[in-house]
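Welcome! Try each task before you read its solution.

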Amino acid sequence: MSAENLVPQGFRSVTARLGLKEESDDFALAFSEVPARSAAVFTRSRFAGPSVILSRDAARGGELRGMVAISRNANVATGEAGSADATEVRERAAVIAGVEPAQLLIASTGVIGIPYPMPTVRAGLAALGREARSLDPGAVAAAIMTTDTHPKTAQRRCGDAVIAGVAKGVGMMEPNMATLLTFFFTDALVPGPELDAIFRRVVDKTFNALSIDTDTSTSDTAAVFANGLAGPVDLAEFEQSLYQVALDLVRAIAADGEGATKLIEVHVTGARDTAQAKRAAKVVVNSPLVKTAVHGADPNWGRVAMALGKLEGDVDIDPARVQIGFDDLVLYPRDQSENLLGRARRCLEKDTVLISVDLGIGTGTFTAYGCDLTEGYVRLNADYTT
């Protein structure tokens, strides 16, 4: 079985077009046929939508069996009516899945401030019946897209178990957790407390290392569902496999950032600790000047130095000990020459641009993921609601 066809046992899904999108599916439901353990993290936005609020409450018990999502409408800032609508959608989806409403996480994504068109949604859900089939990660990923240019899925084996992940997100993305919508389905048997701890560690190294434009969504949701049908797995191996699936999704999201033409990876070493390395990586990957330099393949390493200089509170960062480079090519400190800048330019012309920074302080490391800043990003977001 190819990696693209790896599907965990005991999960089913339903996707459909309810009418929020003109030409593609905008509804996804995926769930375990048997009880499952779960873990989830959500946005910290003060404008979190009712879907997030409902799901936070349901996730506390660690026994979610699946998720339901509507795309092209965030159902955020819609008042009590929006809460009632989200509750109704989850209840109707639970009937289709044959589970209790509180066993489903609900997610919404799209335009803020517009209520669900409930007559359309009700009619669409009523027409579905109970048509669930074996889990189709590609169909689920496609149904939750908004401005994504393609569905994002990733799969890995872990012993006898399979981990399948789906994600959407290409803009309004700065992790505070999560950064998007992303869901993982596995038939591995993992105890609840361990699943929660593993998931949070993986999220911190992957989705919390991702940034497109420094804006945190009101609807960010990430969750994992584990039904145990494949039996127990080595927990260290499981964490590594889950990390690889999540990292594959992160790289796909960054490369598909709104208007993006290049994936940017900022790898920081030599930091005092991981927290400092993360601050340094994020300040570089979030810099509009760094992003535009990468877009134009301008070997202006000075913009990386500028970005690092914004870490005013990190007084142990000494420019005399810092190294800056592209790929393995060190540009600072060393004598500059036209030949060196030409080599640097070629590094920036690649589809994936690696910016390396060594702070020369300790052993802390962190890698952040992002993309270049283009005219396409401005155009897409200038016209988003129209």
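**Exercise 1: Cysteines**

A search of the whole structure, which is a predicted model, finds 0 disulfides.

Task: Find out how far Cys371 is from the nearest cysteine sulfur, and decide whether Cys371 is buried or exposed.

Solution. Start with what a disulfide is: a covalent bond between the sulfur atoms of two cysteines. To count here, two cysteine sulfur atoms must be within 2.5 Å. For Cys371, the nearest cysteine sulfur belongs to Cys347 and is 19 Å away, so the cut-off of 2.5 Å leaves Cys371 in no disulfide. Next, look at accessibility: Cys371 has a relative accessibility of 1% and therefore counts as buried. Cys158 can be checked in this way too; its relative accessible area is 0%, so Cys158 is buried.

**Exercise 2: Aromatic rings**

Task: Describe the geometry of the pair formed by Phe11 and Phe185, and say in which strands these two residues lie.

Solution. A pair of aromatic rings is described by the distance of the centres and the angle of the planes. The structure has a count of 5 aromatic pairs. In the pair of Phe11 and Phe185, the centres are 5.5 Å apart and the planes make an angle of 65°. Planes over 60 degrees apart count as edge-to-face, and that is the label for this pair. Now place the residues: Phe11 is in strand E1 (residues 11–16) and Phe185 in strand E9 (residues 181–189), so the pair ties together parts that are 174 residues apart in sequence. Phe11 is buried, with 2% relative accessible area, and Phe185 is buried with 1%.

Move on to Phe184 and Phe199: their ring centres are 6.0 Å apart and their planes are at 75°, so this pair is edge-to-face. Phe184 lies in strand E9 and Phe199 in helix H5 (residues 192–205), so parts that are 15 residues apart in sequence are tied together. Phe184 and Phe199 are buried.

Finally, see which residues group together: Phe11, Phe185 and Phe225 form one aromatic cluster.

**Exercise 3: A listed position**

Task: Locate Lys168 and work out what surrounds this residue.

Conventions: Residues numbered from 1 in each chain as written. Predicted model: local features only at pLDDT ≥ 70, side-chain atom pairs only at ≥ 80, totals over all residues. Heavy atoms only, no water. Helix = DSSP H or I, 4+ residues; strand = E, 2+ residues; numbered from the N terminus. Contact = heavy atoms within 4.5 Å. Phe/Tyr/Trp six-rings, centres within 6.5 Å; stacked < 30°, edge-to-face > 60°. Buried < 20%, exposed > 50% of the residue type's maximum accessible area, 1.4 Å probe, protein only. Lists of a residue's contacts leave out its neighbours within four places in sequence.
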